[in-house]
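This report walks through a two-chain model. Keep the sequence and the structure at hand while reading.

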Amino acid sequence: MEGAEIVRLNLRINGQPHEVDDVWEGESLLYVLRERLGLPGSKNACEQGECGSCSIYLDGQLVCACLVLAGQAEDREVVTVEGLGGSNDLHPVQEAFLEAGAVQCGFCTPGLIVAAHELLSRRPDPSESEIREALAGNLCRCTGYEKIIDAVSLAGRKMAGGST
Amino acid sequence: MEFFRPASLAEALEIKAAHPGGIPIAGGTDLMVEINFDKRRPEVLIDLTVCPELQEWSRSNGTIRIGSGVSYSRLIAELAGELPGLAIASRTVGSPQIRNRGTLGGNLGTASPAGDGVPPLVAVGAEVEVASTNGARTLPVAEFITGVKKNALAGDELIVAVHVPVAKGPQQFSKIGTRNAMVIAVATFSIALDLESRTVGTALGSSSPRPLRAHDAEEFIAAELDWAEHTPVPANVAERFGELVAGVATPIDDVRGTAAYRRHALGVMAKRTLTWTWDEAGRLGAPAEWKGPRS
């Protein structure tokens with residue numbers, strides 16, 4: 001019995017079908033996104049699931065793209081930070097991070113945006129402890145987290161349509 | 001490197017039979033780290049995430065059969081009522097991202113002494129079901145893990161499921177680490193009270209090459225507890241229970257902690273979790289009224 005050498009990967013990313021050629025069998029989905037598809041929003045930092053800076057949705061679930069083998073994403077639906085909003089149409093979570101001053105060097109920010117987006121999609125008005133728990137897998141070495149937590153609360157209020 | 005993506009368990013077992021050195025991958029939370037850091041280059045990778053048989057759990061005769069590919073997030077969301085000890089331990093695994101991907105099959109396959117999912121299984125005498133093209137066999141989890149990162153899986157076998165008895169009383173899991181999230185355990189302790197048989201199950205994690213039960217501690221405390229009246233555990237009895245638990249450990253000094261600290265921590269966790277579960281049993285009353293843990 002012969003296994004496929006993955007030459008071609010088919011998956012949907014941010015709503016669009018993608019066909020990726022010449023994928024090495026051992027490479028991560030993060031590598032495919034960044035190096036093969038030019039989607040650098042998902043950051044490559046620890047490559048061991050510790051830092052959360054490569055957080056994406058895989059079939060609606062928050063995961064670290066560095067821990068997904070590329071072949072495991074075949075026929076799956078991926079949403080990256082690029083799929084949540086761009087510079088001309090920021091998502092309320094992105095706006096809230098800017099307004100709350102939750103961005104310093106910015107490297108952890110895309111992963112935090114995706115993780116915060118996932119939390120707010122199931123808990124529109126999270127408590128501080130719920131925010132801390134949901135973001136426990138995302139490391140930031142600049143901010144001390146306080147403004148990030150403020151930003152997530154603010155984003156929740158923005159998304160609920162309340163006053164900001 | 002060859003990559004397989006079997007669509008059924010039968011197909012996966014055929015692939016494993018043809019490639020006994022093939023490495024299964026599910027959540028990838030251990031294996032992908034090794035591949036990313038160039039520490040491992042498996043010749044054959046077998047992706048188990050699309051085998052439907054491994055992604056489900058079911059009940060029968062007081063036992064829950066959990067497919068090896070069920071994530072920790074699902075154990076927490078779907079089984080906290082029937083398997084509270086396993087759910088509490090699952091909540092301490094990694095981070096939301098890791099719990100969404102990591103599986104019990106992975107913990108058993110990796111067989112790290114620090115696998116958080118394993119002690120709650122050992123404490124209740126859970127069994128692991130493994131299979132090959134020649135059939136399936138089950139063995140106690142406590143026997144399946146044979147040493148540090150070693151298990152009893154044959155080259156042609158895959159871990160299919162874990163069979164866990166439904167809780168018959170309060171259960172707890174306690175874990176020492178440097179923070180609440182993303183921590184490899186320094187030491188863990190699992191306890192399970194069985195209010196029907198009036199017995200206590202225990203297991204120590206991250207304290208020995210493989211998870212251990214503290215048999216002497218279990219027998220001692222089962223005889224000392226006042227199962228009829230649920231009077232509080234006397235301090236000297238709790239102390240002795242902690243000593244007996246700590247005495248079973250064979251920990252090492254490593255970057256996460258010293259052997260002496262681990263032994264001390266085990267005694268403290270044993271006393272605390274005994275008190276928590278016993279108090280809960282007292283509040284909830286007799287077995288007939290025990291309807292599962294508080295939410």
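## Chain B overall

Chain B has eleven helices and 13 strands. Both are DSSP runs numbered from the N terminus: helices are H or I with at least four residues, strands are E with at least two. The radius of gyration of chain B, taken over C-alpha atoms, is 19 Å. The globule rule (2.2 Å times the number of residues to the power 0.38) gives 19 Å for 295 residues, so chain B is as compact as a globular protein of that length. Along the principal axes, the C-alpha atoms of chain B fill a box of roughly 60 × 45 × 30 Å.

This is a predicted model, in which local features need pLDDT of at least 70 and side-chain atom pairs count only at pLDDT 80 or more, while totals for chains, interfaces and linings use all residues. Residues are numbered from 1 along each chain as its sequence is written, and chains are lettered from A and ligands numbered from 1 in the order in which they are written.

## Where the chains meet

The contact between the chains draws 31 residues from chain B and 28 residues from chain A. Residues are in contact if their C-beta atoms, placed from the backbone, lie within 7 Å. On the chain B side, β1 (2-4), α1 (9-18), α2 (31-36), β3 (44-47) and α5 (96-101) each supply at least two residues. The largest share, five residues, comes from α5(B).

By class, this side of chain B has 16 nonpolar, nine polar and six charged residues. Ala, Val, Leu, Ile, Met, Phe, Trp, Tyr, Cys and Pro count as nonpolar; Asp, Glu, Lys and Arg count as charged; the others, Gly among them, count as polar.

## A three-stranded sheet in chain B

An open sheet in chain B has the order β11-β12-β13, with antiparallel pairing. Two strands pair if DSSP finds at least two bridges between them. β11 (171-176) and β13 (199-205) of chain B are the edge strands; each has a single partner, so one side of each is left without a neighbour in the sheet. The twist averages 10° from one strand to the next.

Six bridges join β11(B) to β12(B), residues 187-194. Ser174(B) has Phe189(B) as its bridge partner in β12(B). Helix α11(B), residues 259-284, packs on the sheet and touches β11, β12 and β13 of chain B. Its direction makes about 30° with that of β12(B). Axes are lines fitted to C-alpha atoms, for helices over the stretch in contact, and angles run from 0 to 180 degrees between N-to-C directions.

## Helix α10 against α11

The axes of α10(B), residues 235-248, and α11(B) come within 8 Å and cross at roughly 135°. That makes α10(B) oblique to α11(B). Angles under 35 degrees count as roughly parallel, over 145 as roughly antiparallel, 65 to 115 as roughly perpendicular and the rest as oblique. The contact includes Phe241(B) of α10(B) and Leu266(B) of α11(B). Its residues comprise eight nonpolar, three polar and four charged.

In chain B, α3 (residues 72-79) and α4 (residues 84-91) pack at about 135°, with their axes 9 Å apart. Among the contact residues are Tyr72(B) of α3(B) and Arg91(B) of α4(B). The contact has six nonpolar residues, one polar and one charged.

In chain A, α2 (residues 92-100) packs on α3 (residues 109-122) at about 125°, axes 9 Å apart. The contact of α2(A) with α3(A) has five nonpolar, three polar and no charged residues.

How values were computed:
Contact = placed C-beta atoms within 7 Å.
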